[in-house]
Amino acid sequence: MSDQRLPTSPGFWRSPLRGPWFTSVLGLVLLAGITVLFVTGLVSYAAYNPGLSPVNDQTPGKGLLGFYLFTWPTRPYWLYRLTQGVHVTLGIALIPVLLAKLWSVVPRLFALPPARSLAHALERISLLLLVGGGLFEFTTGVLNVQLDYVFPGSFYPLHFYGAWVFFAAFLAHAALKTPAALRNVRGLRERPRAEGDLRSPRPDPPTVSRRGALWLVGGGSLLLLGTTAGRDFDGPLRRTALLAPHGGAEPGGGPGGFQINKTAAYAGIDPAETGDEAWRLVVTGRTGIVRLSRADLLRMPLNSAALPIACVEGWSTSDQWWRGVRLRDLAALAGYDDAPDVLVESLQRHGAFRRAALRANQVRDPLSLLALYVNGEELTPDHGHPARVIVPAAPGVLNTKWVARLTFGELR
Ligand SMILES: Nc1nc2c(c(=O)[nH]1)N[C@H]1C(S)=C(S)[C@@H](COP(=O)(O)O)O[C@H]1N2
Ligand SMILES: [Mo]
């Protein structure tokens, strides 16, 4: 045997917890969990209307990887709240499982010789992509959710390309290992130790049983779940989201008392530009350019919609009661009986989300509004006064605040 003081020696690893059963249970949990993360992640990307590039999407050449993109529906109206809530909450809750799984197989990282054969070399390279890809996806995801877009503009391509690399390696790994993992969790624990076995050849005395260790991991996941899930609600429940970022403005109470992403001050909105005197909505389409004051809008038919805001960061609000002019009525004003895509631009001059493109199916939905009121009162400055877009089932980022301009028709 080689020197047991070096991690390249199996004898260096002493934990009696390591073994095929422990690794297999964690692996099977990740098989289910990461598959859900991958699907909800792809769906989240589709929901962002990346087809309406270059407005919504700067991902260069998503090309083949975008093969599955589809027109994101507007119903059920809570769809994105569900898919993105699951994506982020599950992703956070799986962190202890991922770390435990990596810990359980870490002796393999150091195993020598680095490659016994070409097949073994390829397997180790695929494991590098698997582990590297997994750590990369979890890290970029958590940073984006917790640290308020630390990658300006570049999170999408990073997380999207990373997801495909990671999931390809993940599928190969799952195909190779799942049959053995299923056998391992059903028993067969007492085989003699073999070459390359995860069990330590000279284990320390146990301080916790393998089941106990699993409970610890599961408890960690539940703790994260319990301190994260509240970010998908308003009011007192939201205060249980100890781990959700509470930066920015506290929404306070009243009609505007729900989560605020960027405040008017942060977005550099000058109150002088949003008053009734100064503000005009510029609508462009077939009929040329129409300029509407708030009073003009209030003379149009007003409609209501109870819709949540659901952010890509995983937080969402309960349904809020919005009231305003239907986007399709504004499209009609611009000369379209069948509403086309629209480019929405904000008064905001700088920052990532000052404009967004909506698809025709979103413009046509009777619940899609240019909202002037929320919960019975005028929009608050932080929620987009004097007017904001609200679209059923759309990611929050498409619900542009402080709207100044709507351009219907060809977006290129
Ligand atoms: N002009 C503008 N509109 C915007 C944003 C922004 O930064 N600027 N943020 C978007 C994002 S990412 C979200 S999640 C929602 C949040 O809306 P709320 O602050 O009213 O909850 O507004 C969207 N509309
Ligand atoms: Mo957002």
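**Charges and rings in a predicted model**

Q: What's the relative accessible area of glutamate 378?
A: Glutamate 378 has a relative accessible area of 40%, so it counts as partly exposed. Keep in mind that this is a predicted model.

Q: Which side chain does glutamate 378 meet in a salt bridge?
A: That would be arginine 294, at 3.6 Å from N to O. Arginine 294 lies in helix H9 and glutamate 378 in strand S8, so the pair ties together parts that are 84 residues apart in sequence.

Q: And arginine 294, buried or exposed?
A: Arginine 294 is buried, with a relative accessible area of 4%. Its charged end also sits over the ring of tyrosine 373, 5.5 Å from the ring centre.

Q: How many salt bridges are there in the whole structure?
A: A search finds eight. Among them is aspartate 197 with arginine 199, whose closest N and O atoms are 2.9 Å apart. Aspartate 197 counts as buried at 17% relative accessibility, and arginine 199 is buried with a relative accessible area of 17%.

Q: What about arginine 359, where is that found?
A: Arginine 359 is in the loop between strand S6 and helix H11. Arginine 359 is buried yet has no salt bridge, and the nearest side chain of opposite charge, aspartate 341, is 5.5 Å away. A polar contact of 3.4 Å does join its side chain to that of asparagine 49.

Q: Switching to rings: how many aromatic pairs does the structure hold?
A: There are 17. Ring pairs link Phe38, Phe67, Tyr68, Trp164, Phe166, Phe167 and Phe170 into a cluster.

Technical notes. Residues are numbered from 1 along each chain as its sequence is written. Chains are lettered from A and ligands numbered from 1 in the order in which they are written. This is a predicted model: local features need pLDDT of at least 70, side-chain atom pairs count only at pLDDT 80 or more; totals for chains, interfaces and linings use all residues. Side-chain values use heavy atoms; hydrogens and water are left out. Rings of Phe, Tyr and Trp (its six-membered ring) pair if their centres lie within 6.5 Å; planes under 30 degrees apart count as stacked, over 60 as edge-to-face and the rest as tilted. A charge sits over a ring if NZ of Lys or CZ of Arg is within 6 Å of the ring centre and within 35 degrees of the ring normal. Helices (H or I, at least four residues) and strands (E, at least two) are DSSP runs, numbered from the N terminus. Buried means under 20% relative accessible area, exposed over 50%, partly exposed in between (1.4 Å probe, protein chains only). Lys and Arg count as positive and Asp and Glu as negative; His and the chain ends are not counted. A salt bridge is a side-chain nitrogen of Lys or Arg within 4 Å of a carboxyl oxygen of Asp or Glu. A polar contact is a pair of N or O atoms within 3.5 Å; within protein, one must be able to donate a hydrogen and the other to accept it, and residues adjacent in sequence count only if both atoms are side-chain atoms.
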